Amino acid sequence: MLIGPTKPFKSEPAPTRLPAELLPELVRRKRVLLCLDYDGTISEIVRDPAAARPVAGVPETLAELALRRDRIALAIVSGREVAKLREMLSVPSGIALSGLHGLELVDFDGREEIVCGARECADDLEKVRKWLGENVPVGKGFVIEDKRFTLTLHYRNAPATKARHVRDAFGQYIHDHTPKLVLRDGKMAAEALPKGASKALAVRTIWQRAGKDFEPVYFGDDLTDEDAFGELGDCGVTVRVGMQRPSAARYCVENPREVARVLRAMASALPVPSTP
């Protein structure tokens, strides 16, 4: 059996719509750790992953929120590399960045680190690199994304039957030949990455750095975000972005444009900072 990501059980209910005043009211009363996935959460899903950019208004709102570290600890949690997040988002200082499902971290003070154990997977990753080069057809709609510590096979633009065949063969190879790696499925993508890497690891680490006096809020849209929803459980507020389906998240919003509106409402609800 292939090892994959945490997936919502069919018996789990679909999350309910996020009440409009829930998060604005929360930031009025408490300090908040706000964790945001990137693709499909603050940017739309696009055919070319390299072309994904934040929806209108998000960069300005994030910059405003980043100035209120007294009230909000802000983090971007993504499967992308930290360097790519910086390039695509123009990240203001004071925002933590977790890349590659928790393998890379830039903390709130700008300190950078690689999670222990990631480099020990280099030999297995090289095997996967070679397999992808030999087994993924060129010019058939597949995109291979090499992120040093992870390798992603995107098949959104490939014919469905061929995509399923290549994805399954990819997963089987990881299972049979790379004991230090695991396959994780996303939206029309499959990723080989070190075992233990997950957005659960990412949010756990970031919450420790922020401090337990911060109430966690997590927005995500993908199957990989289910790990973070499960990690937080009944703690804080978990929000799935997208159409309703069974999920470990408690709430949902429709799309990244709605996320942008929620972030704007949170920024507007922040108490005026006290003067010294």
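This is a predicted model: local features need pLDDT of at least 70, side-chain atom pairs count only at pLDDT 80 or more; totals for chains, interfaces and linings use all residues.

**Entry 1, one residue.** I began with Ile 114, which at 23% relative accessibility counts as partly exposed, a class lying between buried (under 20% relative accessible area) and exposed (over 50%), with a 1.4 Å probe and protein chains only. Ile 114 sits in strand S6, residues 112–114, where strands (E, at least two residues) and helices (H or I, at least four) are DSSP runs numbered from the N terminus. Leaving out residues up to four places away in sequence, I found Ile 114 touching Leu 103, Glu 104, Arg 119, Arg 148 and Phe 149, with contact taken as heavy atoms within 4.5 Å. I also looked up Arg 86, 28 residues from Ile 114 along the chain, and the two C-alpha atoms are separated by 16 Å.

Residues are numbered from 1 along each chain as its sequence is written, and side-chain values use heavy atoms, with hydrogens and water left out.

I traced an open sheet of nine strands with mixed pairing, in the order S1-S13-S12-S11-S2-S3-S4-S5-S6, two strands being paired if DSSP finds at least two bridges between them. Strand S1 (16–17) and S6 are at the edges with a single partner strand each, so one side of each has no neighbour in the sheet. Within this order I checked strand S4 (residues 96–99) and strand S5 (residues 104–106), which pair in the antiparallel sense over three bridges, and Ser 98 stands opposite Leu 105 in S5.

Which strands stand at the edges here? I read an open sheet of four strands, ordered S7-S8-S10-S9 and paired antiparallel; strand S7 (143–146) and strand S9 (181–186) are its edges, each with a single partner strand, so one side of each is left without a neighbour in the sheet. From one strand to the next the twist averages 20°. Strand S8 (residues 151–154) and strand S10 (residues 189–194) run antiparallel and are joined by four bridges, with Thr 152 opposite Glu 191 in S10. S9 and S10 also run antiparallel, joined by six bridges, and Leu 193 in S10 is the bridge partner of Val 182. The hairpin of S9 and S10 has two residues between the strands, and Met 188 takes a positive phi near 55° there.

Helix H4 (residues 122–135) lies across S7, S8, S9 and S10, running at about 25° to S8, where axes are lines fitted to C-alpha atoms, for helices over the stretch in contact, and angles run from 0 to 180 degrees between N-to-C directions.

The axes of helix H1 (residues 22–29) and helix H8 (residues 256–269) come within 8 Å and cross at roughly 30°, which makes H1 roughly parallel to H8; angles under 35 degrees count as roughly parallel, over 145 as roughly antiparallel, 65 to 115 as roughly perpendicular and the rest as oblique. Leu 23, Pro 24, Val 27 and Arg 28 of H1 make the contact with Val 262, Ala 265, Met 266 and Ala 269 of H8.

The axes of helix H2 (residues 58–66) and H8 come within 10 Å, again crossing at roughly 30°, and that makes H2 roughly parallel to H8. In this contact Val 58, Thr 61, Leu 62, Glu 64 and Leu 65 in H2 meet Ala 260, Leu 263, Arg 264 and Ala 267 in H8.
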